[in-house]
Amino acid sequence: MDSPPPPGAPPSRRFDGRRPDSVPAARRFVVSVLERASVPEETLETARLLVSELAGNSFLHARTETEVTVHVDRARVRVEVADRRPDRMPLPRECPPNAGTGRGLGVVAELADRHGVDREGGQKKVWFELLREKGGAEAPSRWGPPRPLTGRDTAPVVLIDLPGALHVTSQQHRHAVLRELVLAGAVGDRLGVDPEDLLAAHDTNNLLSAAALAALDDRPGAAGVRTVTLALPADAGPAVRLLRRVLETAEEAGREELLLTRPGLPQSQALQDWFLDQITGQLDGALPTAWTVVPRDPSDSPLDLMPWDEEEVRTSRLPTVVVDDDNRIVAVNAPAADLLGWETDDLVGRPLTDLIPDHLRHRHRAAFSSLLLTGRPRILGRAVPLPALHRDGHLVPVRLLIQAQETSDGHTVFIGQMLPRSTALGPEPRPSHRRPVVRPTGLPEPPPPPHRLAAEEPPGLPEFARRPVAAAAATTATGRLSLLADVGRELADASDLGPGLHAVSAHLVRRLADWCVIDLLDGDTVERVGVMHRDGGRIASGGLEGRLPSVSERARGPLARALRGAGPLLLDGRIPSRPGECGLDSGYRSLFERFGASSAVVAPLRARREIFGALTLAREDPARPFVEDDLAFVDDLVRSVALAVENHRLYEGTRYVAERLQRDLLPVLPRVPGLEIAASYATSSVTTQIGGDWYDCFRLPDGDTALIIGDIAGHDLEAAIAMSQLRSMLRGIALDRQEPAEEVLGRLDAADRSLRSAATATCVYGRMRELPPGEWEFHFSSAGHLPPLLVDPGRGAGLLEGGTGLMLGTGHDLPREGASVRVPPGATLLLFTDGLVERRGEDLDDSLRRLCDQAVALAHEPLGTLCDELLIRLGADATDDVALLAVRPGRTDDAGRPGG
């Protein structure tokens, strides 16, 4: 194909750049030229690598005839790769360190002594040089600025609150998917994508990447939420829709394991959908929609990707385990290790399956593989009740809450928090009022990482897209009322104090200050729970929050004064140092030295004559300082925050009492010859309130076994107290009278009316009696409770509808009925509360049929496995507490397995 080069001309060769074999052919050509020139091995190997990158880039993005030219002299080796697409300039990308694609130009820039690109006539020439003699000044190298791929009229597309790190990850995933489709198509496997459509989609994706790179200027990979404006061809809408269709086809191929590239995780897919929707919508005339207001699935991560901090995991009070995408533990904290009987160092590096019971390992592997291969989560973002495996072999009942986190360094980690379920495992420590540790996963205990805000808004934004700069939104009466309302709403809507304070801080730095600090006080202990700056890049992850020195007698600075009740205090931004100042004062002064301030206000968080902490607000612009007139407004602000802190602490105290009461009341199951017994209890996955569900099981003096399941109306401390009273009365009556079940429930109802405030409750009380030889009879009565379920592996499942009566506490003294049923060996009798089956908007009969189907499918499993699986399959999304009590004639539960 090539004619011999003229005498003295450098060797060159042309290749068909539309074929993937052009890349290795170009590599062999360059190596042969350098070998003839006796180039040192190190230089030859570097050239081999770099020409592969440039030729591969030409194949993927130009797809024209490619000409490779090699210049060799005593000073240098220069390799040029030319194609006929001068409009498609090299586009270096911001790639995570572990990215598998998109790093070629970065490799060339790193390894070559010089590099660049030239446009001559109808072609583009990309080149690199390797110097054979080092030394001497060389001209700087660059790929050149990103250029639009068309000269047509452009239109602005405003991306409000674009999350930087998540955008990089999503963009990287698009490039990887399209690259693999191109390579597959080159060898004849089109995967359902028309070749012309694929090329057009590839071109459009490069256009979007170039526009985004140009808009992000010198911070292409900056983590944080920013508002940027893309300049795109006004008629690019159809091409972007085509790109979306191709990507959707590729994602489906990935889920079917037809691609090596894994499907994107939910938050990455959500951002991609939003990104493409914003482009097509705005090009059609629609208004922008901010990423921060787009509804997201519970399994999605927070607004942006934040690298998880091992130190934050270590210091969290909740048992926490972090695994990588190889399912190996990469971090674990002491509460998790203590809960499961391990040392923290012994767990790191182990597979997560070491902490999972045998009967759940296959399910875990299948779910984890499904997530990686399909991108479809099963339990991400949901608190699933299941047992963890203690080192000594016994099971520890927990609710496992998992969040996927695609970190900004290219890894995916899965952060799991084990929320202990109420069991009879012994007391837990009284809750501390110290801060929830900032974490990257959006879990219930702590706030997410600091919300990164842009230092400034890009020019030329339409009015509706502008965020108010610091102080601008809160200088008018209307603006102040709006900010007060938003602060109150955020605190009221937050599921926990940490996320609420985080959201409040985000409002403050957008609308009132340039930076703010929240410190909480518990006794003499000061905990810095949040530091937020409008420019998130000025805050090192996890470097400023944490425990501070105590408020000692030597503390005399503004923060110490506010924590003692003084203020709001107006500061001029300069905090002078004092001889012998304490750690609290010097640390507070260092914040002002680090961020700078022209003025500031520090105010105590005071509610009902108690100080809960302090809020610091600072402005950097001397033209807009805080003034005396601002202090009353700041006082109103901190009063709302203080009330939220106080309510949280009151609630946590009440919750602790109720949890402790409920945990202590759950029984240790008896060992009964000929009966296998298991029980489980799980609190609601969507509320932090305590319910009144309970179960009980004990031997009666005549040898029968009492089985009880019940549910008190309500979710608070009163419900837990009423549950304890009814449980104790029922146990006492049953042990004393030994009467039929209906008589016992009648006496319980009468005793309930003797209480100061009679409890409204449902309950099933029954007696299991052995009938020789080896058969069992269950005699029971129900007070308005859901019927027990009998599961016979040979005959299916059926609800025991007999023995029904009014619920307890109605005030009506009506006769109660009893019923009896034979329970054959191997059959399972299941008593359960309504949280297992009732779902909003679903007919109860449908819910009970689903329970029957699942119970039949699990009929041959060990009884403990059956309870665990029912909780996982039916109770993961429960909006109410769930209690289960199961018995099975046939063998003794020698382990005496406790509830859970």
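Strands (E, at least two residues) and helices (H or I, at least four) are DSSP runs, numbered from the N terminus.

A word on the source. This is a predicted model, in which local features need pLDDT of at least 70 and side-chain atom pairs count only at pLDDT 80 or more, while totals for chains, interfaces and linings use all residues. Residues are numbered from 1 along each chain as its sequence is written, and side-chain values use heavy atoms, with hydrogens and water left out.

Which sheet holds these strands? They belong to an open sheet of 5 strands, in the order β19-β29-β28-β24-β25, with antiparallel pairing. At its edges stand β19 (675-682) and β25 (796-799); each has a single partner strand, so one side of each is left without a neighbour in the sheet. From one strand to the next, the twist averages 15°. Angles here run from 0 to 180 degrees between N-to-C directions, and axes are lines fitted to C-alpha atoms, for helices over the stretch in contact.

Two helices pack on this sheet. Helix α19 (residues 844-857) touches β24 (789-792), β25 and β28, and its direction makes about 35° with that of β24. Helix α20 (residues 863-875) touches β19, β28 and β29, at about 25° to the direction of β19. Contact means heavy atoms within 4.5 Å.

I turn now to a second open sheet, which has 6 strands in the order β15-β14-β13-β18-β17-β16, with antiparallel pairing. Here β15 (546-548) and β16 (569-571) are the edge strands, each with a single partner, so one side of each lacks a neighbour in the sheet. Within this sheet, β13 (residues 515-522) and β18 (residues 610-619) pair over 6 bridges in the antiparallel sense, and D519 has A614 of β18 as its bridge partner. Helix α13 (residues 497-511) lies across β13, β14 (525-533) and β18, running at about 150° to β13.

Finally, a pair of helices. The axes of α6 (residues 237-255) and α7 (residues 266-283) come within 9 Å and cross at roughly 160°. The two helices are therefore roughly antiparallel to each other, a term for angles over 145 degrees, with under 35 counted as roughly parallel, 65 to 115 as roughly perpendicular and the rest as oblique.

Note on methods: Pairing = 2+ DSSP bridges.
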